Amino acid sequence: MGMAAETSANAKAYKTAVIKIGSNTLTDDEGKCDRAYLADLAHQVARVRREGWRVIIVSSGAIPCGLEALGLPLRRPDDMPTVQAAASVGQRALLAAYDQVFSPYGMLTSLVLLTRRDTADRNAYLHARDTFRRLVELNAVPIVNENDTVSVEQIKFGDNDTLAALVACLANADRVVILSDIDGLYTSNPKTDPSAQLIKRVDRITPEILAGASGAGSAVGSGGMITKLTSARVLGAAGIPLVICSGRAEDAVVRSLADDPIGTLFTGADVPHEITPRKLWIALGDSVKGTLLVDAGAARAIVEDGASLLAVGVKNVEGEFEAEDVVDVVDGAGFVIARGLARCSAESMRSGKADIAVHRDELILFE
């Protein structure tokens, strides 16, 4: 179907996939952008589009591409101005590389750069949602990245796994695929434990699974398995399945979207409570400002009954936050079971002046 807009009548005649590509997957052994890999990716995307998928790509790699273009050492610089300068040059180079390999298949790419500032405000979040959905309707392939040129710690997503989950919720995606430098989720770290086994299917992310996840381990990327699992929990709450697999595996994208067993599938089980766009915004749109430790009764009430979190069930308040700030709700074991908007400030909760800590309409559960 060319680039013409589709009518609303057939707008649901396709499925939407968000493909996240990590820096280690996108670059070669020298740390340079791997054009041959991108060419194979374009071929795979063209194949899945013929099967009825529309694709959004969340791509790392701008900084390595910028360092390469600037003739700088291919290792992430320590100073922020150099990082942001490399990102500025690299965004252009990265999009040009995508365009070069996608255009022969008649696929038009677009560039979308986001920061937390763009989604922390609900109106901005909704505008971003409408833009993504319109781009997909117009049959474009959005290339999404964090805007590292202007991002500072306060407005960074922190990693593209989180960004991919956000984009998936914005676009109402049917599946997310994270192309990584690992084969999926293992029972333990396969780099240090030769007996580690690949877990092919996960229906629920338990505290034990989270505890066994390791952090970032490379000089290029900023994410690790823990960020992928955190994203998987949010996607699960939204009912969106996730596949984590090796980006270098043969036909990784095609197989992930064809239910051909590869990597680890997080099933995105049935959502037990209503997940509104507002709740998805709470889960992903802004950064967490504090933590509420709740007792067993309160945890049971919000998880099993879909109740509001009453202040009387909060045992401890961590962090400094105001009303309407995003807070995590954790159980006695320190496991995050929900996220929501605080009804009052941390000071009010500590002083016992609060009644409702988080209202059920502003609380999203993580299964």
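Biologist: Which residues of α9 do Asp161, Thr162, Ala165 and Ala168 in α7 meet?
Modeller: This is a predicted model, so the contacts are computed from its atoms. Contact here means heavy atoms within 4.5 Å. On the α7 side are Asp161, Thr162, Ala165 and Ala168. Their partners in α9 are Thr227, Lys228, Ser231 and Leu235.

Biologist: Are α7 and α9 roughly parallel or roughly perpendicular to each other?
Modeller: Helix α7 spans residues 160–170 and helix α9 residues 225–237. Their axes are 8 Å apart, at an angle of about 15 degrees. Angles under 35 degrees count as roughly parallel. Therefore α7 and α9 are roughly parallel.

Biologist: And how do α6 and α7 lie, roughly parallel or roughly perpendicular?
Modeller: The axes of α6 and α7 are 8 Å apart. The angle is about 75 degrees, and the range for this class is 65 to 115. So α6 and α7 are roughly perpendicular.

Biologist: How far apart in space are Arg129 and Pro277?
Modeller: Arg129 lies in helix α6, residues 122–137. Leaving aside neighbours within four places in sequence, Arg129 is in contact with Leu170 and Pro277. Arg129 and Pro277 are 148 residues apart in sequence. C-alpha to C-alpha, the distance is 9.8 Å.

Biologist: What is the handedness of the crossing of α2 and α4?
Modeller: Helix α2 covers residues 35–50 and helix α4 residues 80–102. Their axes come within 9 Å and cross at roughly 50 degrees. That makes α2 oblique to α4. The crossing is right-handed.

Biologist: How many residues of the contact of α2 with α4 are charged?
Modeller: From α2 come Arg35, Leu38, Ala39, Leu41, Ala42 and Val45, and from α4 Ala97, Tyr98, Val101 and Phe102. Nine are nonpolar and none is polar. The charged count is one.

Biologist: Which ring does the charged end of Arg54 sit over?
Modeller: The cut-off for such a pair is CZ of Arg within 6 Å of the ring centre. The charged end of Arg54 is 4.4 Å from the centre. The ring belongs to Tyr14.

Methods
Residues numbered from 1 in each chain as written. Predicted model: local features only at pLDDT ≥ 70, side-chain atom pairs only at ≥ 80, totals over all residues. Heavy atoms only, no water. Axes fitted to C-alpha atoms, helices over the stretch in contact; angles between N-to-C directions. Helix = DSSP H or I, 4+ residues; strand = E, 2+ residues; numbered from the N terminus. Parallel < 35°, antiparallel > 145°, perpendicular 65-115°, else oblique. Left-handed = near helix turned anticlockwise from the far one by under 90°. Nonpolar A, V, L, I, M, F, W, Y, C, P; charged D, E, K, R; others polar. Lys NZ or Arg CZ within 6 Å of the ring centre and 35° of its normal.
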